[in-house]
Amino acid sequence: MTKIKLIYLIATVVGTILPWIPFLPFVIEKSFSPYSIIQALYVNGASSGLSNDFFLSCMVFWVFVIVDAKQLNLKYWWLVIPSAPLIGLSMAFPAYLFIREHQQPNRALTKLNDSALPVQSRSVS
């Protein structure tokens, strides 16, 4: 396993656990009521702003994943779509990057292909 894949995998695990540490007691207490969750998300200005930011980030993430995965012909990409709002974007994004890296190791986001750089030719006079 490459270093970047290991980083993505660790980030996926941490991104799954950390958001659920404070959220799980809430879910147990409220019986996962969608009304209770929405009400808690918009209890004050700070939580409203963070909630709006999260939902907008999820929408942009979904567009990116759909376009990118189809261009690269990735398998199992769709798993991250429901995981963003259900588990967390902190899990879904590194999970997608892991899937992408695993299926397209030569097209990693971390590699720069020298042939993609523009070459300026200078004529010597």
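How much space lies in the largest pocket? About 560 Å³. Keep in mind that this is a predicted model.

**The largest pocket**
- Its lining has 20 residues, and the closest to the pocket's centre are Phe23, Ile37, Leu41, Phe54 and Pro85.
- α1 (3-30), α2 (34-41), α3, α4 and α5 each give two or more residues to this lining, with α3 giving the most, five residues.
- Sort the lining by type and you get 16 nonpolar residues, four polar ones and no charged ones.

**The largest nonpolar core**
- This core has 15 residues, and the ones that touch the most other members are Phe61, Val65, Leu74, Trp77, Val80, Ala84 and Tyr96.
- Two or more core residues come from each of α3 (45-72), α4 (80-86) and α5 (89-103), and α5 has the largest share, with six.
- Take Val65: leaving aside neighbours within four places in sequence, it's in contact with Lys70, Trp77, Val80, Ile81 and Tyr96.

**The aromatic rings**
- The whole structure holds five aromatic pairs.
- One of them is Trp20 with Phe23, an edge-to-face pair at 4.9 Å centre to centre, with 75 degrees between the planes.
- Trp20 and Phe23 sit three residues apart in helix α1, so about one helical turn separates them.
- Phe23 also pairs with Phe26: their planes are at 25 degrees and their ring centres 6.0 Å apart, so this pair counts as stacked.
- Ring pairs therefore link Trp20, Phe23 and Phe26 into a cluster.
- Buried or partly exposed, what is Phe26? Phe26 is partly exposed, at 22% relative accessibility.

Conventions. Residues numbered from 1 in each chain as written. Predicted model: local features only at pLDDT ≥ 70, side-chain atom pairs only at ≥ 80, totals over all residues. Heavy atoms only, no water. Core = buried A, V, L, I, M, F, W, Y, C linked by side-chain atoms within 4.5 Å. Buried < 20%, exposed > 50% of the residue type's maximum accessible area, 1.4 Å probe, protein only. Helix = DSSP H or I, 4+ residues; strand = E, 2+ residues; numbered from the N terminus. Contact = heavy atoms within 4.5 Å. 1 Å grid on protein atoms, 1.4 Å probe; cavity = no way out; pocket = protein on both sides within 12 Å on 5 of 7 lines; lining within 4 Å. Points joined across faces, edges and corners; volume = space filled by probe spheres on them. Nonpolar A, V, L, I, M, F, W, Y, C, P; charged D, E, K, R; others polar. Phe/Tyr/Trp six-rings, centres within 6.5 Å; stacked < 30°, edge-to-face > 60°.
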